[in-house]
Amino acid sequence: MKYEFDKNDEVIESYDLWELDEKNQDYLKDLLKRTGFDKYMDVEDAFIPKEEEESLGIEDLFPNATITVLSVDGQPVANESKLIAPNFSKNIKPTEIKDFALYQRVKYNNAIEHISLSKLVEIDASINFFPLPDDEELLDLMENIEMYGILSPLLVIKSGDADEYIVVCGRSRLIALNHLFANTSEEKYSTAPCLILDPSTDSSLIQGIIISANLSYRKIPKDTQIKAVLLLDKILSNNKIYNKKMNITDKIAESAGISRTTANTIRGFKNLSPLALDLLYKNHITRSAARILSMIKEKETQDMIINKLGNQINDIPKLREMLAGPSKGVYDEDLKKSVPETWEKKIDRTMRMVPGTTRISLYVASGMVEDVLKAIIPLRGKAVLKYKAFKDGEINKYLKVVLDDNHVEQYLRKGFVNQDTIDLVRSGNYKDLIKFA
């Protein structure tokens with residue numbers, strides 16, 4: 001990947017190396033190997049061959065079984081090849097009735113059954129790790145059910161207990177129905193329309209249904225999004241029928257409602273060590289830092305870098321330096337010659353790095369703004385001389401002042417500051433500033 005970073009060192013754009021033609025890919029691979037990068041990252045994996053882009057329906061994700069598509073009255077649709085979900089209501093947007101199970105080649109009974117709430121249980125939280133609906137979401141869902149009823153049946157599978165059914169898809173609807181029935185005791189809320197999965201349904205298929213159903217419409221925390229995308233990536237990558245022709249990144253981006261760049265970045269996190277992944281989930285490591293760490297081949301090296309950098313783990317320049325690995329030659333003062341750098345010396349040198357610039361914020365009383373700005377102008381003049389910033393705007397690389405335009409306008413109007421002072425403190429012309437040095 002090639003990255004562009006914003007002023008906070010967050011990735012703003014990335015480019016896939018495998019978008020290059022084969023000749024340029026081979027050239028870059030050879031260059032990385034000759035410079036020693038193959039010791040610290042998997043050069044071949046960095047150039048994943050571009051998968052054939054093909055327009056696939058969601059039904060292609062899980063080809064394990066046959067599908068029976070139902071009409072509104074629960075009867076099989078004659079033309080199964082269309083794989084069209086039943087139209088439960090014209091008042092609902094397509095995304096609201098896009099129940100994932102209806103698009104899959106999964107096997108379930110060919111009729112909608114109304115099952116008592118007392119027989120429906122939630123699936124284990126380790127499988128459906130998505131957050132429960134908040135109060136506002138739950139109230140909205142309850143209101144929709146009161147107005148329209150359950151528009152899309154729950155997808156369930158019989159548990160070991162013959163009298164219970166585990167809810168694979170529709171947990172929020174189940175919670176809403178339980179609340180409605182508890183509050184109203186109305187019989188219409190005592191059961192839920194369900195499609196029953198075949199008991200032999202593969203566990204990876206069940207996990208895929210849950211992930212895709214939640215990613216497609218839920219607002220979820222960042223850590224949950226990462227976990228879900230990584231699991232979906234694993235499921236799709238293990239799909240032997242489609243993994244050679246399916247563009248997995250595009251499919252995940254579509255399912256999760258995220259950009260292709262974000263999907264590709266998160267997919268890269270599967271190369272992180274368990275420690276790095278845990279810190280990412282806990283928001284101790286930023287995504288930018290995690291992406292750089294994931295490019296380091298050895299997980300033991302990732303952990304070593306994390307432990308050595310400590311609370312500086314999100315220092316992007318330091319991580320970039322670590323990514324390069326130990327240098328082939330550094331000058332040894334004792335031996336008076338160039339020697340290969342060890343990781344210990346590399347870390348010591350990296351830890352001594354300091355940020356090239358920093359940001360200082362000043363909060364100034366309105367009556368002192370003019371004095372403070374006048375005091376800053378000579379500092380900018382000294383910076384011009386110190387860094388030989390003799391090109392237009394170059395001074396702002398070394399000492400830049402950012403003012404609140406709305407406040408400045410008011411202060412000018414009230415006479416608290418002078419326009420000449422404002423112009424000088426913002427000037428990028430060294431001739432304006434050097435005379436104040």
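How many bridges join strand 3 (residues 113-116) to strand 7, and do they run parallel or antiparallel? I found 4 bridges, and the two strands run antiparallel. (Strands, E, at least two residues, and helices, H or I, at least four, are DSSP runs numbered from the N terminus; two strands pair if DSSP finds at least two bridges between them.)

Before going on, I noted that this is a predicted model: local features need pLDDT of at least 70, side-chain atom pairs count only at pLDDT 80 or more, and totals for chains, interfaces and linings use all residues. Residues are numbered from 1 along each chain as its sequence is written, and side-chain values use heavy atoms, with hydrogens and water left out.

Next I checked partners in strand 7: Glu113 is bridged to Cys194. Strand 5 (residues 154-158) also pairs with strand 7, in the parallel sense over 4 bridges, and there Leu155 stands opposite Leu195.

Why is strand 7 (residues 191-197) largely enclosed by the rest of the structure? Because 6 of its 7 residues are buried (under 20% relative accessible area, with a 1.4 Å probe and protein chains only).

Note on methods: Buried < 20%, exposed > 50% of the residue type's maximum accessible area, 1.4 Å probe, protein only.
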